[in-house]
Amino acid sequence: MSKTAKIGITCMILLVIIPVYFYFFQSDKEGNGSIRENVKVVQKATKTASTDLEAEKNEKASANQDNKATAKNEESVKEEMRKEDQKTVNPQVDDEKEEVQSDFLVVIDPGHQECANLGQEPVGPGATETKIKVTGGTSGVATGKPEYKLALEASLILGELLESRGVKVIYTRTTSDVNMSNKERAEIANQNQADLFVRIHADGSTNRSVNGLSILTPSEDDKFTKTIFQDSLQASQLILNETQKNPAVKVNGISYRGDLSGFNWSQVRSTLIEMGFMSNPTEDKNLSDTAGYLTNLLTNIADGIMLYSSHKQ
Ligand SMILES: [Zn+2]
């Protein structure tokens, strides 16, 4: 074989190998990019689907490009790769995600306050039956911490967790020296047209062995909460499911309540989390393990709220 023929064959082999190498290199990068997008678009089924479609489109584009590349020199292949890279970082997906998440508003109500207000208010709009405006709540048998203080600590952590995920948060109170009835707290959620009204409480019992987390949700039978029943239950269930993934937390379940002014006055979907029993020494101490048990539990709750937000967008 002549020298010229050898050089010719070598060049042809190189022309085939180089584009094939770059095709696989590029595919791998796209794969990683797609995973990154999926992680960022947390629990957004629709968004994930569109990201997958995007990845599929890019893959097809890449395949077409591979066919063309065999006829091109190395430089033009690299140029195509650079263009593909820019397409993979799709700014449209990010913008859309930002818009969707920042639209979701949660009003968090840390239960109770420093001094109970034993005045009366109607149990719901137009009701003649009345109830105490806001009770004093329970307190920890081991820590001596009052429920209003724990509820505020937990609410602020939950709010931070949600804000870090792009959710808008409004608190009914950020201090304990307030005078705010349960009706007035619900009205804050109504006025702000909250996507979810989350009430944070802890339980108490005369029986110290009783423990566990419960979620209270508006009752279907209650005339005041009929319209918010279904959506509220969905939120309550999603939050409960996430807490069940935490082996440190005992989960008791969902309780349907038609007797709570805070639900009855609420025109927006509502849920109330009884984080655990402060009358149980172990659970009381756990709930005051702010960096550990409490933050882990609140992370589960935030996860549930994020799932609910993705269902509602
Ligand atoms: Zn309470």
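**Close-up 1. I215 of strand 6 and its bridge partner in strand 7.** I215 is bridged to I254 in strand 7. Strand 6 (residues 213–218) and strand 7 (residues 251–257) run parallel and are joined by six bridges; strands count as paired if DSSP finds at least two bridges between them. Helices (H or I, at least four residues) and strands (E, at least two) are DSSP runs, numbered from the N terminus. The model is predicted: local features need pLDDT of at least 70, side-chain atom pairs count only at pLDDT 80 or more, and totals for chains, interfaces and linings use all residues. Residue numbers start from 1 along each chain as its sequence is written.

**Close-up 2. Packing of helix 7 against helix 10.** The angle between helix 7 (residues 226–243) and helix 10 (residues 290–312) is about 140°, and their axes are 8 Å apart. Axes are lines fitted to C-alpha atoms over the stretch in contact, with angles from 0 to 180 degrees between N-to-C directions. The two helices are therefore oblique to each other (under 35 degrees is roughly parallel, over 145 roughly antiparallel, 65 to 115 roughly perpendicular, the rest oblique). Contacting residues (C-beta atoms, placed from the backbone, within 7 Å) include Q234, L238 and E242 of helix 7 and L297, I301 and Y308 of helix 10.

**Close-up 3. Packing of helix 5 against helix 10.** Helix 5 (residues 147–163) packs on helix 10 at about 50°, with the axes 9 Å apart. This makes helix 5 oblique to helix 10. Among the residues that meet are E153, I157 and L161 in helix 5 and L294, L298 and I305 in helix 10.

Definitions and conventions:
Two residues are in contact if their C-beta atoms, placed from the backbone, lie within 7 Å.
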